[in-house]
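Welcome! Here is a short briefing to read alongside the structure, taking one topic at a time.

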Amino acid sequence: MSGDTAPHGPVAVVGAGPVGLTAALVLARTGVRVTLLESRETLATESRASTFHPSTLDLLDELGVAAALRRQGRTVDRVQWRDLDGVVHAELDYSVLAGHTGHPYRLHVEQARLTPLLLAELTATGLADIRFGTTVTGAEHVGGRSGGGTGGGVLLRTKDAAGRVTVTRHPYVLAADGSRSLLRELAGLPGTAEEYPDYALRVVTGTPLDELVPGLAPLSYVRDTRGSFSALGMPDHWRLIFRIPRGTDRDAVLSPEAVRARVEQALPGAAGKAVRIADAHTYRLARFLLPRYRAGRVLFAGDAAHLTSTAGGLNMNCGIHDAVETGRALASVLRGDAPGEAALDAALDRRRSVVETAVIPRSEARTAGLDSAAELPARLASLRRTAADPGSAVDYLLKASLLDVAPRPLKGDAHADLVSQAHR
């Protein structure tokens, strides 16, 4: 076993997903040394989140990866609500957000396309010790649990793929190790999520649905008492997302015959035409929110701190926002720009409040009463009024994109300082 007990060691970031990599890059760009720990041998490649909102693209642009990510994705300039008969009830154009964001559109691209870009930028800073195949097995506070980053810290015990155990000391640890966060468990924090009454069925097809279904937008919400779902056009495939009542037998839902029947009902405009089903799988929907985003010098972000319904694609975006705001505040504490930890605590409290007051309510409102014959007409009428009024359309898209609660991109001298730090 080796040890590094230097009092000014690097900040440890645990988890090399979008949240952990973003936080590590924000810290490194401000001159803070970082140790990035990831239990996997490589970056994750499986299909996960796929939506990047304007607010997130603004922040990724600040970090130098938005343009490259856009080249790999599908730019979505409108959102549409329609029924199974093909009637478009309402449509909003993201162009109304011009002036509120540098990216007045939504981007559909796998999160696995973002992480290599962030990793390359992080490596280029020269301030990151990146360790794949390294699992955290213990965490212990030493010295003070708070107080500006110099008087105390956290001893992390890790094990690599060869079984070697290492103990390192860090002024702070940022846990971005996902919904099953081991650091959350080690800190003795609650981790039980509340499952929603539905789970999700995702059907993937390589068939270009917008060529089969007249007028289908790459972001379409089908709202119909006979069946509701979401359709997302990706760069090389389409995703259809259905909500299935909990308790429904998953094997039956996933049988090829059942999946085919569901797709044919969902896409009457494609009747009689071949829709190639490449994959169908289910995943749970749950909500979770830590009572506080820190335990001493261990800070939490992303899925380690919160889970929400996947409706609206808000959770990963919110996690990236966590990473940016927490990373900025932590860097400020470590540089001594502000006395004590007030700025850090304020940032963590703000991030939690955003989830509690904005992200969870907005996500849940997207799916409430979807199939209710009593509620649906009123909801569609409200969407039509929103689409017809420019002010209401802007307000809707600002909130749907989290532009009203996201960290602001750095401008002017602050941004120039960030860039200069990256190239020192």
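On a 1 Å grid over the protein atoms alone, a pocket is an open set of points with protein on both sides within 12 Å along at least five of seven lines, whereas a cavity is a set of points where a 1.4 Å probe fits but cannot get out; lining residues have an atom within 4 Å of a point. Grid points are joined across faces, edges and corners, and a volume is the space filled by probe spheres set on the points. Please keep in mind that this is a predicted model, in which local features need pLDDT of at least 70 and side-chain atom pairs count only at pLDDT 80 or more, while totals for chains, interfaces and linings use all residues. Residues are numbered from 1 along each chain as its sequence is written, and side-chain values use heavy atoms, leaving out hydrogens and water.

**The second largest pocket**

- The second largest pocket holds about 400 Å³ of space.
- Its lining has 18 residues, and Ala365, Arg366, Arg379, Leu383 and Tyr396 lie nearest the centre.
- Helices α10 (342–365), α11 (376–388) and α12 (390–400) each supply at least two lining residues; helices (H or I, at least four residues) and strands (E, at least two) are DSSP runs, numbered from the N terminus.
- The most comes from α11, with 6 residues.
- The lining divides into 9 nonpolar, 3 polar and 6 charged residues. Here Ala, Val, Leu, Ile, Met, Phe, Trp, Tyr, Cys and Pro count as nonpolar, Asp, Glu, Lys and Arg as charged, and the others, Gly among them, as polar.

**Salt bridges**

- There are 23 salt bridges in the structure, each a side-chain nitrogen of Lys or Arg within 4 Å of a carboxyl oxygen of Asp or Glu.
- Arg239 pairs with Glu110, their closest N and O atoms being 2.6 Å apart. Arg239 lies in strand β17 (residues 238–245) and Glu110 in the loop between β8 and α4 (114–125), so the pair ties together parts 129 residues apart in sequence.
- Arg239 is buried, at 2% relative accessible area; buried means under 20%, exposed over 50%, and partly exposed in between (1.4 Å probe, protein chains only).
- Asp224 and Arg226 form another salt bridge, at 2.8 Å between the closest N and O atoms. Asp224 is buried at 7%, while Arg226 is partly exposed at 46%.
- Arg292, Arg294, Glu341 and Asp345 are linked in a salt-bridge network.

**A sheet to look for**

- An open, antiparallel sheet is formed by 3 strands in the order β4-β8-β5; two strands pair if DSSP finds at least two bridges between them.
- Its edge strands are β4 (51–52) and β5 (74–76), each pairing on one side only.
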